[in-house]
Amino acid sequence: MVFFTVLTIILIAPIVMSKLRIPHIIGMVLAGIVIGKHGFNILERDSSFELFGRVGLLYIMFLAGLEMDFEGLKRNFRGVGLFGLLTFSVPFVLMYLAGIHFLHYSVIASLLLSCIMASNTLIAYPIVTRYGLQKHDVSVLSVGASMLSLLMALVVVAALAGSYSGGGGAMFWLLFALKFAGCSCAIYFLIRTLTRCFLRRYSDAVMQFIFVLAMMFFSASLCELAGLEGILGAFFSGLILNRFIPTISPLMNRLEFIGNAIFIPYFLIGVGMLINVNLLFEGGGIIFTVLCIVVVGTLGKALAAYITCFLLHKPWISGHFMFGLTSAHAAGGIAIVMIGMELMDASGNYLIGDDMLNGVVIMILFTCVISTLITDASAKRIILGENKHAVHTEVGDDEKILIPVKYPETCNTLVSLAIMMRNQKLNRGLVALNVVYDDDDAEINQRKGHHLLEGVVDRASAVDVRVQTQVRLATNIGNGIKHAFREFDCSEIILGLHNHDNSPRVFWGDFAQSVFNGLSRQIIIARCTQPFSTLRAIRVAVPSRAEFEPGFYRWLERLCRFAGGIGCRIIFNGREDTLKLIEQYVANCHPHVRGEYVEMPKWQGFIRLAEETDKEEMLVVVTARQGTVSYKAALDRLPEELTKHYIGTNVMIIFPDQYGPAPDTMTFATAQHTEQLSAYQMVLNFFRRL
C-alpha cells in the first residue's frame, strides 16, 4: 500500500499540475507535504523514504554529470569558475551579515547558515532534461558552479566542525586534502578501468544497467568515507561514465527512465514530508526567520547569476535560467543542518536551535518553488528564442536509412550506428531488411529472418525509434537490397563488412560490391570489433576533391553525429583546402564535436595511418566510385591495403552520394566553393552526355 500510494502520487501529480500550468516538481513536493506527518499523516517518513530519497538525490547528481557537455565545460571553464565563486561567496557574505545583525545568531551558527544558503541542490534539473538543454552553455555553467559551490560549502563546514571540536589544525587540513585526493584518484582510475573492461565483454542490457548503478553507489560511498557528501561522488562518477554511455543509446534511455519515473519523484516527495507548514501560523518569530533566510539567500543567488551574466556578456534570459537552477536548497542544506545539530557549545546547548532548524526546512519549500518556476519559464524562453533565430537547413531532407541484416552478431552494431547517425529532429524511423535466397530452404530462412528482425525492433524501441521491417525473397541478394532500397525510397544504406577469412579477393563479401556498383546513393560499410562507447578516436581519411562530390556534406554530417553521440575525438586527414571546408562545417553545425585536422597531401599517407590507429580507434575511409570527381586509381587497392595493414581494426568505408542534390541549402558553404562545385558538375555532366 505504501508503494501504491507513492506511485499514485507520481502518476496524478503531473496531471493535476499540468492543468494548473505549474511545473510537475512542485506537485511532488506539495504532495509530500499533504501525505506527511505535518499534513494528513497518511504515510510515515520511514527508512524506505530515506533510502529511496537518498538514491533519488544521487540520481539527480549522477545524471547531471552523465549528461554534462565536456566540450562546453572546456569552453566555459573560466565561466564555471567565476560563477562558482560568485554563487558561493555572495550568498555566504549576505547571509552571514543577516545572521549576525538581523537574526542575532552566534558567529558559528551564522557561518553554518551561510554555508547552507551558499550551496544549492539541482532540484529543477529534470526540467532541463525535459527541454533538452543539458548541453546548453547556461546548463553547463549552472551545473558546474553548483558542484563547485557545494564543495566549498562542505569544506567550510568541515573546517567549522573541526575547529569547534578542537581538531582544526594543520594536521586536520593535511589529512582532509590527502583523503580528498586519494578518493578522487581511486574513483577515476577504478571506474574508468572497470567500465572499459566490462563494456567490452558484456552486452546484456540488464547487466550493463546494474553495473552503472553499482559504480555510482561505489563512488558515493568512497566520498562519504573521505568525509565528503555522497552527492559529489555521484556527480564525479557521472562525469567519468559520460565518455562510455552515448547520449542516444538504450543504456542512457534506461538510466533516465528509471530515475525520472521512480527515484527522483521519491526524493521530491520525501523532501515535502520534511516540511512543516503549520509553523508559519505559530507566531511572528518563525515568519521573520523564514522571510529573512529566503529573501537574503535568494537575493544572493540572484546577484551572483546576474553579475556572472553581465561579466560574460550573456543575454539576461541566461541569467534568469542560471538563477533559477542554482536557487533551490534541499539535500545540501539538510546535511549541513544535521552536522550543526550535533555540535554543542561549552554550556551544553546545541549550536542550531529549533527556530533555525524550522526556518531552514520551510525555506526549502519556498526556494524549491522559486527555482522550479523560474527555471521552467526561462527554459521555455531560451527554446523559443533559439527556434526563432535558428537557420533551418533540413528543409527537404530525404533521410531514410536502410539496414540490411544477415548475421545476428552484427545486428546490434549496425542498428546502433544508424540510430546515432539519424537526424533526431526529423524523427524518422529506420528500415530493416533481411533478404533470403528463393530456394528450397526459403521457408526456414524466412523464419530466421523474422526472428532476426524482431531483435532489431527491440533494440531500436529501447531508444524510441520506429523500424519498418521486411523479409524479402530474391534470387540475388544484391538485387533484393537494391529493389527494397527503391521501394522504400531510402536515402542511404548501412551494411556490415562480412569478410570472415580476411582475403582481399572476397573483401566486400557476397553482395556488397554489387550494391554500391548498382546504386548511386550513400553506402556505409562498417566493421566494429568492440562497442562504440569504448572508442577513443575516429580517424577519417578524406581523398582530394572530395568536397566537389554531391554527397560531401551528407557523410560529413553523419560522421559528426556519430562522433558527438559517443563523445570521442574525430581526426580528419586530407588536403588543406578540403580540411578548411570540413573545419568550417564542424565549427558552425557541430561546435560540441572535438574535431582535429591533419594535412595528408597525398593518398599514400593513408597507409601511414595504420601506424597511428590502434584497436581502440576506428578508421573511416571516404572512397569514391569510378568515373567520379574524387576517384583515383589508388582506391582500387583499398581491399588489399585494409586487409594487410588494418587487421582487427574497427573500419568504416563510405561511398558518398554521386547524383544527390548539391548542398546549396548549407549556410556555411562559401560562394567560391559553390561556383567551383557548379563548374565541376557542368564539365562532368558534359562528358557524361558525350
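Q: Let's start with the inside. Which residues have the most contacts inside the largest nonpolar core?

A: The general idea first: in soluble globular proteins, nonpolar side chains tend to be buried together. In this predicted model, the largest nonpolar core has 128 residues, and those with the most contacts inside it are Tyr-59, Leu-113, Leu-122, Leu-255 and Ile-269. Helix α8 (residues 137-164) gives the largest share of this core, with twelve residues. There is also a second, separate core of 55 residues, and Ile-403, Leu-430, Val-465 and Val-620 are among its members.

Q: Could we zoom in on one of these? What does Leu-122 touch?

A: Setting aside residues up to four places away in sequence, Leu-122 touches Ile-60, Met-61, Ala-64, Val-143, Ser-146, Met-147 and Leu-325.

Q: How many of the residues of α2 are buried?

A: Nine of the twelve are, which makes α2 mostly covered. The buried ones are Ile-25, Ile-26, Gly-27, Met-28, Val-29, Ala-31, Gly-32, Ile-33 and Ile-35.

Q: On to strands. Why is strand β5 described as largely enclosed?

A: For a strand, look at burial on each face in turn. Six of the six residues of β5 (residues 522-527) are buried, so the rest of the structure largely encloses this strand. Gln-522, Ile-524 and Ala-526 cover one side, with Ile-523, Ile-525 and Arg-527 on the other, and all are buried.

Q: Which strands pair with β5, and in what sense, parallel or antiparallel?

A: Strand β4 (residues 492-496) runs parallel to β5, joined by five bridges, and Gly-496 stands opposite Ala-526. With strand β10 (residues 650-655), β5 pairs in the antiparallel sense over five bridges; here Ile-525 has Ile-653 as its bridge partner.

Q: What about strand β6: which strands does β6 join?

A: Five bridges join β6 (residues 537-541) to strand β7 (residues 569-574), and the two run parallel; Arg-539 stands opposite Ile-571 in this pair. From β6 the chain crosses through helix α21 (residues 552-566) to β7, a right-handed β-α-β crossover. Strand β9 (residues 617-622) is also parallel to β6, again with five bridges, and there Val-540 is partnered by Val-620. As for burial, five of the five residues of β6 are buried.

Q: How many disulfides are there?

A: A disulfide is a covalent bond between the sulfur atoms of two cysteines. This structure holds zero of them.

Q: Last one: is Gln-626 buried or exposed?

A: Gln-626 is exposed, because its relative accessible area is 63% and the exposed class begins over 50%. Gln-626 sits in the loop between β9 and α24 (638-645). Apart from neighbours within four places in sequence, Gln-626 is in contact with Tyr-631 and Asp-636. Asn-517 is 109 residues away along the chain, yet its C-alpha atom is separated from that of Gln-626 by 9.1 Å.

Notes:
Residues numbered from 1 in each chain as written. Predicted model: local features only at pLDDT ≥ 70, side-chain atom pairs only at ≥ 80, totals over all residues. Heavy atoms only, no water. Core = buried A, V, L, I, M, F, W, Y, C linked by side-chain atoms within 4.5 Å. Buried < 20%, exposed > 50% of the residue type's maximum accessible area, 1.4 Å probe, protein only. Helix = DSSP H or I, 4+ residues; strand = E, 2+ residues; numbered from the N terminus. Contact = heavy atoms within 4.5 Å. Pairing = 2+ DSSP bridges. Disulfide = S-S within 2.5 Å. Right-handed = clockwise from strand over helix to strand, strands pointing away.
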